[in-house]
Structures are given as structure tokens and as C-alpha cells.
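Let's take a walk through this protein, going from one side-chain pairing to the next. Have the sequence and the model open side by side as you read.

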Amino acid sequence: MAADELNAPLKRPARPVRKGRLRWLFYVPLVLAGVVFVTALMWTALVDDPDGGRAFAVAEVKGAGPETTGSIDKTSVKDARRQALAAPGWEMEAGVTAPSHAGSLFTDPVPSDAAASSEPQTDFERMQAALQQAPTSTAFFAGAPLPELQESSAYGPLPRIGDDGTLPREAYARPAYLAPDQPHIAIIVGGLGISQTGTQRAIRALPSDVTFAFAATGSSLNRWAGDARADGHEILLQAPMEPFGYPSTDSGEHTLLVSAKSGANADSLAWILSRTGGYTGIMNYLGGRFTAEADAMRPLLASLGERGLLYVDDGSSDLSVAGRLGPSLGTPVVVADRIIDKQRQPALVAQALDDLETIARQKGWAVGVASAFPSTVSALAEWMPEAQARGIAFVPVSALAQQEE
């Protein structure tokens, strides 16, 4: 050993780095990803999930359906109607002879002795009675107006609520189902009964989902209304109401007037409602001034509610107060979104139908009103199957009415 080596400090040789000692850390993320992937495959295969693990979000959709009156205090509705029907021109039951047992919010029906003696006594009899009283709205009643939903008047039969609480607007409604994920449109074609040719054309050409509105001043209404109902259509009556410029702008006999006195409006309404039967409600004919006056509309809506009918506003006047007043009086009100043939040029009618479809897709439903012009009937007959193929569901107007009285 050399002297220099003895004098040099001890030097420990460095340990060589072992290649691949930390390499396993590189595989950890890959292993974890594999575990997650296998778990997802097993979950999809074994769990009955129609979404199949698809990402989704839950959001509250507002305004996707027709507004309803919700749960309304019956006592407040009675009071509101009683006050409304005390207005000049609307004295209760003017010109009307109602049977003493007629059901009403004002007077509860009194069971007759015969009815009392037939009360079910056993469980089986009570079950049979319950089945007989089950709602039958799924079956469309297309025959003559039901005698139990009528009362006599100086002009003829008038609709009324049945002793068992059956409402004409439900008994005569065409059944419909509102799918929660599908846009719905109600089409109302009015002015029927004025022209024989036009009425026949509409009944023959339009699908039964279309609601027909018959003019109270039309002729042969019982015949046409019977044909329409036999073809599956739900029907309304159009009531003439005071327009701006009346009487220069004439809305016809028995027009409901803002200035009516001494039960005149109640008398005119009795005439209008007696023109035919089997309808679910009424729609205005003209009436720009009448529908803008709360003191005029309030007793009308109260009277319709008393008879179990709905009201349709054709949407022709932005001043109408019907939609605002209906809930407080327990009367369903539907306000139309578009007048389809306000301008009758084919291109403008087509644009109105496109607008109606857009509204239905945005808020879930829409109501369109049209007249029975030949060009309009042809446009609807062509457009409705096309819109249906694009996912639109057509329903009668009662399906979109406010539900709770």
C-alpha cells in the first residue's frame, strides 16, 4: 500500500441507483381507471336503470302546463258568485224555472225519499254503488244531452250541475291524456251553424281532436251539434258580446251588454245556452268592450261556473279580464294564444300555425282559434297530420281548461 493511500481520507463508494424500483407508481392511475371501468360495466349490466348510467340533471320546469285554480275555498267562491250575480242585468235565475232538487253551490241537493230508501245497506251494495259512481270521463258521451244535466227554462233546456255533482264540462268532454313530455295544441274552429256548406265541410274534413264552436245565432244547431259530437268532436257555444262600436258593429240578437239592466243579460244568456246541448262551455263572439269590463264579465263567469261550464276567450282582445277573474269565481278559463286566420292569406295562416307550434314547444301547450273559412279548414286538414308527425299532440280545449272549480 502506498503512503499516499494511507494518508488519504476514507471514501465510501456511492451505491448505484437500482433501475425500476419506483416504476410501479406509474401504473397506479391505470389500475384505478381499470377498476372504475369494470365497476361501471357491472353496474350497467346488473342494475335495471333505463338511463344506463347516462349523465342527467334534474330541473324544475315552470309554466309547462296550464295554470289551474288549485285548491280554492268553496265558501269564498260561493260568496264571490253570489255577489257577482246580484249585479244589475244578472239577477239569479231570471227567465229560468229550475227544478227544486237542482244541485248548486248555493243550495245543496236534498235527497228524495226514494233515493234515501235505496241507500246501500251491505258491503256488497256499497261496493256496487261506488262502482256506479266512479268517474266515467274516459268514455266520450256523444249522444243527446243528458236529462239529469238539464233544467227547464222559458227558452228550452239549460245545462246544470247534476244532483251527484257531475259537471257538464266533464260529462261532455272528449277524453284526452296530457303526456308530460309532449307539446299539446287545442284547435277551436268557430262560426259553425251559420253556413250549412261550411259546417258540413268542417265536420267532414277536420279530425275529431278539433273542438267546434257553434254560433248561438246559427240555424239547425241541434242537428249540426249532434253530427259533430257523433263524429267525436267536443263542442262549445259562441255567445255574442258587446263589441266596441256597438250597435254600429252588430254582434247579433241577445248580445250581452255592459249597460244591461233588470236581468237582461241573464235572460240573454238563458237564450244562448238553450240553443243546443252537450257542450262543455262558451266562447266569446266579438265582445271587445264586454270582455274588458270586470263588472260585466264577473257575473257571466259566475253564472257559467254555477252551471258547471268553462269559458274560452278567443284571444282577440288584449284588454280581456276573463283569465284574471276566472280563478276567484271557480270557473275554468282558457285564453287562446293565436287567431290562426286573423289574416286569411295562405302564407300568413301558415305562419300563424308555425307560431302556434313554437308556443306549444316552449310552454308545453297552446290554443289556436280559427273560423270555418274553406281556406282555413283546408290549411288545418293539411297541417295537423304534419304537426302530429313532428310530435305535436292535439287535444280538445277542455283538456287545457283550469281544472278546479
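Which residue forms a salt bridge with Asp 295? Looking at the predicted model, you'll find that the partner is Arg 298, with the closest N and O atoms 3.4 Å apart. Both sit in helix α10 (residues 294-306), and because they are three residues apart there, about one helical turn separates them. Asp 295 is exposed, at 61% relative accessible area, while Arg 298 is partly exposed, at 29%.

Now for a pairing that reaches further along the chain. Glu 357 forms a salt bridge with Arg 390, and here the closest N and O atoms are 2.8 Å apart. Glu 357 belongs to helix α12 (residues 346-363) and Arg 390 to the loop between α13 and β11, so this pair ties together parts that lie 33 residues apart in sequence. Glu 357 is buried, with a relative accessible area of 8%, whereas Arg 390 is partly exposed at 40%. Arg 361 joins in too: Glu 357, Arg 361 and Arg 390 are linked in a network of salt bridges.

Searching the whole structure turns up 10 salt bridges. Among them is the one between Arg 174 and Asp 209, whose closest N and O atoms are 3.5 Å apart. This pair also links distant parts of the chain, with Arg 174 in the loop between α6 (168-171) and β3 (184-192), and Asp 209, 35 residues apart from it, in the loop between α7 (196-205) and β4 (211-215).

On to the rings. The count comes to one aromatic pair. The ring centres of Trp 383 and Phe 394 are 5.6 Å apart and their planes meet at 80°, so the pair is edge-to-face. Trp 383 is in helix α13 (residues 374-389) and Phe 394 in strand β11 (residues 393-394), 11 residues apart. Both residues are buried. Rings meet charges as well: the charged end of Arg 223 sits over the ring of Trp 224, 4.1 Å from its centre, and that of Arg 344 sits over the ring of Phe 373, 3.7 Å from the centre.

Out on the surface, Tyr 27, Leu 30, Val 31 and Val 35 form a nonpolar patch with about 390 Å² of accessible area together. Leu 30, in helix α2 (residues 28-46), counts as exposed at 53% relative accessibility.

Finally, zoom out. The chain has 13 helices and 11 strands, and 41% of its 405 residues are buried. It exposes about 22300 Å², with carbon and sulfur atoms supplying 55% of that.

Conventions
Residues numbered from 1 in each chain as written. Predicted model: local features only at pLDDT ≥ 70, side-chain atom pairs only at ≥ 80, totals over all residues. Heavy atoms only, no water. Helix = DSSP H or I, 4+ residues; strand = E, 2+ residues; numbered from the N terminus. Buried < 20%, exposed > 50% of the residue type's maximum accessible area, 1.4 Å probe, protein only. Areas by Shrake-Rupley, 256 points an atom, 1.4 Å probe, with all protein chains shown as cover. Phe/Tyr/Trp six-rings, centres within 6.5 Å; stacked < 30°, edge-to-face > 60°. Lys NZ or Arg CZ within 6 Å of the ring centre and 35° of its normal. Patch = residues over 30% accessible without salt bridge, like charges linked within 9 Å, V, L, I, M, F, W, Y side chains within 5 Å. Salt bridge = Lys/Arg side-chain N within 4 Å of Asp/Glu carboxyl O.
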